[in-house]
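Dear colleague,

I am handing over the structure below, and my notes on what was found in it follow directly after. Please read them with the structure open beside you.

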Amino acid sequence: MSTDNGFKLGLFAPNASSGLAITTVPERWSGSWDDNVRLAVLADRLGIDFLLPVGRWIGWPGTSFHEAVLETITWAAGLLAATERISVFATVHSALVPPMVAAKQLATLDRIGAGRAGLNIVAGWYQAEHEAFGLDLPGRPEQRYAHAQEWWDVVRTLWSSQEPFDHDGTYFPGLRGLHTSPRPSGGTLPVINAAVSEAGRGFATRNADFLLTAAFDPRRGTALVDGVREAAARNGGRNVGVLSNAYVVCRPTHDEAEDFLHYYAQENADWDGVDTVMSGQGINAQSFSQAQIDMFRPRFAAGHGGHPLVGTPDEIADTVIAFAEAGVSGIALSFVDYLGEIEYFASEVVPRLEKAGIRGRSQGS
């Protein structure tokens, strides 16, 4: 992620069964370890920039979506050892992993990957997941991000302090004699924070290198990107990029792409799973109109609410270029079958992005 290759392309949620498609089709992504290794090695060869996992500790009741999810720190360790160039992120819930443990684990990832490890900080949003740990999820995003801020402050101090130190905070009181070694070779790791709320975006502009948001539509202009940049500049002149996420159905003709989308995200959508996931994320009749819910449901079936990249290589390249022109730094991509679809995307779409000048020639080309 630190190389200047222009617009970043990553793979989102390959550590989870079904990826981000809430569907019952037999070709949906397995999420198995063997398939993840094969995908990581292939993506590394094709010049994909990063792998970004989802952090899930329990499944969604009544659905096979994310029934099996590989834990992200151990997942990242294995994939960093199996690859040479690609960046691999670990998704860490700050409320669930003590800062001492996280600092040591993440520094170890950095050493395994020779500087290619990254951190995706999650402040928490799923009540049932916290209950599985015997914890309460604070109701207000401001509370969750205040906890995450203190957690990250402790981790960063562990990486920077040459001497043991104590920490007495609001959320982490009574920590004594903190010290860790080794530390990340570059002092820290690239940080992603996925956020939609104002509190979350504030956390990202203070602490992250990239804000990941599914709420971005390139047709609506650059207001979100400009707002992030301005807020980051006020926070010590920081430079924070914006990443979006999208689901991909790339086929030689537009009709083929639309037919496959209809097949997996309409005819064979796991609608009970869609409703469960949307409700778990607060998209329900109490907070949205029925018309809005009806609009969201197909996009959740197709790719967990991500932006659609559906069509021919030319059509998809044009949309990605629009993201870049709007100031977005990169996109985290998902597919129904990552292994079965990524090579076509890399061979047909990526050269078009290189020709348009938004990416340098990939190392895998």
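At 0% relative accessibility, Ala13 counts as buried, where buried means under 20% relative accessible area, exposed means over 50% and partly exposed lies in between, with a 1.4 Å probe and protein chains only. Ala13 has a positive phi of about 70° although it is not a glycine, and it lies in the loop between strand 1 (8–12) and helix 1; helices here are DSSP runs of H or I with at least four residues, strands are runs of E with at least two, and both are numbered from the N terminus.

Before going further, please keep in mind that this is a predicted model, in which local features need pLDDT of at least 70 and side-chain atom pairs count only at pLDDT 80 or more, while totals for chains, interfaces and linings use all residues. Residues are numbered from 1 along each chain as its sequence is written, and side-chain values use heavy atoms, with hydrogens and water left out.

His66 sits in the loop between strand 2 (50–52) and helix 2 (72–82), and with 4% relative accessibility it counts as buried.

Turning to the helix pairs, helix 1 (residues 33–46) and helix 12 (residues 338–348) pack at an angle of about 5°, with their axes 10 Å apart; axes are lines fitted to C-alpha atoms, for helices over the stretch in contact, and angles run from 0 to 180 degrees between N-to-C directions. That makes helix 1 roughly parallel to helix 12, given that angles under 35 degrees count as roughly parallel, over 145 as roughly antiparallel, 65 to 115 as roughly perpendicular and the rest as oblique. The residues of this contact divide into seven nonpolar, no polar and four charged, where Ala, Val, Leu, Ile, Met, Phe, Trp, Tyr, Cys and Pro count as nonpolar, Asp, Glu, Lys and Arg as charged, and the others, Gly among them, as polar.

Helix 3 (residues 99–112) and helix 5 (residues 141–160), by contrast, pack at about 50°, with their axes 9 Å apart, and are therefore oblique to each other. In this contact, Pro99, Met100, Ala102, Ala103, Leu106 and Ala107 in helix 3 meet Trp151, Val154, Val155, Leu158 and Trp159 in helix 5, contact meaning heavy atoms within 4.5 Å. These residues divide into eleven nonpolar, no polar and no charged.

Within helix 5, Leu158 is buried, with a relative accessible area of 1%. Leaving out residues up to four places away in sequence, Leu158 touches several residues, including Met100, Phe165 and Thr180; Leu158 and Thr180 are 22 residues apart in sequence and 6.1 Å apart in space, C-alpha to C-alpha.

Finally, two prolines deserve a look. Pro182 is found in the loop between strand 6 and strand 7, and the peptide bond from Ser181 to Pro182 is cis, with omega near 5°. Pro184 is found in the loop between strand 6 (175–178) and strand 7 (191–194) and is buried, with a relative accessible area of 5%. Not counting residues up to four places away in sequence, Pro184 touches Ala107, Asp110, Trp159 and Leu189.
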